[in-house]
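Here's a quick briefing to read alongside the model. Have the viewer open and click along as you go.

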Amino acid sequence: MKKIELLAPAGDLERLKIAVLYGADAVYLGGKQFSLRSRASNFGLKEIAEGVAFAKEHGAHVHVTVNMLPHEEDLHGLKEYLIELERIGVTAIIAASPGIMMCAKKWAPKLEVHVSTQHSSTNSSAANYWQEKGMDRVVLGREVTLEEIKASAAHTQVPLEVFIHGGMCISYSGRCVLSNNMTGRDANRGGCAQSCRWKYRLYEGDRALHDEQDLFSMSSKDLMAAKYIPDLITAGIASLKIEGRMKTALYVATVARTYRKAIDDYQKDPELYKKNMPWYLEQISNCTYRQFTTGFFFGKPDETTQIYDSNTYVKEYTYLGIIGEVRDGLCRIEQRNKFSVGEIIEIMKPNGENVEAKVERILNEEGEEQESAPHSKQVLYVALDQKADKYDILRRAEKDA
């Protein structure tokens with residue numbers, strides 16, 4: 001069975017490493033220039049080089065988003081940037097602008113060019129067009145059904161990439177002008193204010209059409225396609241993509257680890273995949289999400305795929321930190337949320353294990369004992385009653401989830 005790529009998001013170097021260690025074959029990230037996620041902790045060239053080196057050590061690839069739709073003034077420095085990405089060893093860029101695509105082919109020919117979902121490629125004819133133009137992969141628009149994905153794959157030779165998990169844009173292939181109109185921040189040039197996820201009231205003239213507490217939202221539930229991995233593998237899709245460059249390391253680790261196991265289980269034995277489906281679904285729920293939908297997989301989404309209340313996130317686990325090193329029985333972490341001595345937390349491991357552990361001690365950098373860890377991003381040394389290793393993630397189950 002042909003190997004299929006699992007492509008995970010990386011909002012910073014920490015999350016890049018976690019994505020690779022927790023099962024991604026490739027990661028995609030944004031640089032500080034030419035990317036659509038300007039609010040993500042984007043990478044400078046030095047960080048991209050470090051990420052490429054780490055990924056290569058673990059047999060993974062790095063794709064860089066160069067997916068803004070540039071105006072004339074945005075093109076300054078593009079040539080030098082593309083040449084440097086090629087020199088660093090980046091595998092591919094993801095681009096939406098035909099101009100950027102052709103510039104990459106001219107100035108950095110060793111870079112693969114992947115046509116972004118922003119370009120709304122929704123059929124095999126579009127994919128074949130891009131192949132004729134020399135592009136190396138096409139990311140299908142999210143507005144296609146599962147049957148259309150299969151048909152497109154059957155009628156093109158260019159590798160196709162499909163989103164399988166994460167946030168869904170309310171606008172067609174993400175080409176939105178709401179943010180620009182309402183805030184002056186251009187979503188297509190990297191400044192999306194996510195206006196669709198604001199809280200709104202609906203009026204007819206001056207008359208409110210519903211209770212003021214009942215806020216209207218244009219936000220979609222999150223895509224989750226764990227049940228359709230076999231369809232995508234047998235269709236010959238080249239890459240399965242997870243959305244979420246602005247999500248936490250816990251999200252990246254949880255989702256990458258789960259889909260990695262689902263893919264591997266199916267390719268080993270389809271019956272094993274079916275047997276383990278409850279585990280996949282349980283694990284995916286262990287990170288923050290917006291309820292789930294199948295997106296456009298079975299036709300145009302209806303009202304049940306939208307979020308209408310103000311409490312849009314489900315949170316079953318709290319992210320505490322990643323273990324940077326273990327020395328003399330103490331785990332070094334940079335704390336992300338409060339926890340205390342005596343608490344029962346969980347060690348999340350790349351191999352799929354989740355181990356309950358008791359927090360026995362917390363020490364600060366000066367070696368002083370602390371009863372709790374209330375300060376965000378404080379470097380701490382934690383003693384647990386169970387074995388933990390570098391790059392394990394510490395998390396806590398929320399009782400009310």
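Of the 401 residues in the protein chain, 53% count as buried. Keep in mind that this is a predicted model.

**Overall build**
- The protein chain has eleven helices and 18 strands.
- Its radius of gyration is 22 Å, close to the 21 Å that the globule rule gives for 401 residues, so the chain is as compact as a globular protein of that length.
- Along the principal axes, the C-alpha atoms of the protein chain fill a box of roughly 60 × 60 × 50 Å.
- Take the contacts in the protein chain with a separation of 6 or more: 67% of them are between residues 24 or more positions apart.

- The accessible surface of the protein chain comes to about 18500 Å², and carbon and sulfur atoms account for 48% of that.

**Strand β7 and its partner**
- Strand β7 covers residues 160–166, and seven of its seven residues are buried.
- Strand β6 (residues 137–139) runs parallel to β7, with two bridges joining them.
- To find this pairing in the viewer, go to Val138, whose bridge partner in β7 is Leu160.

- Gly167 sits in the loop between β7 and α7 (178–183).
- Buried or exposed? Gly167 counts as buried. The cut-off for buried is under 20% relative accessible area, and Gly167 comes in at 6% relative accessibility.
- Leaving out residues up to four places away in sequence, Gly167 touches Arg142, Arg197, Asp222, Glu243 and Arg290.
- Lys221 is 54 residues from Gly167 in sequence, yet the C-alpha atoms of the two are 7.1 Å apart in space.

**Strand β17 and its two partners**
- Strand β17 (residues 379–384) has five of its six residues buried, so it is largely enclosed by the rest of the structure.
- Which way does β14 (residues 330–334) run relative to β17, parallel or antiparallel? The two run antiparallel and are joined by four bridges.
- In that pairing, look for Arg332 opposite Tyr381 in β17.
- Strand β16 (residues 354–363) is also antiparallel to β17, with four bridges between them.
- Here the pair to look for is Val359, which stands opposite Leu384 in β17.

Methods. Residues are numbered from 1 along each chain as its sequence is written. This is a predicted model: local features need pLDDT of at least 70, side-chain atom pairs count only at pLDDT 80 or more; totals for chains, interfaces and linings use all residues. Side-chain values use heavy atoms; hydrogens and water are left out. The radius of gyration is taken over C-alpha atoms; the globule rule is 2.2 Å times the number of residues to the power 0.38. Buried means under 20% relative accessible area, exposed over 50%, partly exposed in between (1.4 Å probe, protein chains only). Contact means heavy atoms within 4.5 Å. Accessible areas come from the Shrake-Rupley method with a 1.4 Å probe; for residues, only the protein chains shown count as cover. Two strands pair if DSSP finds at least two bridges between them.
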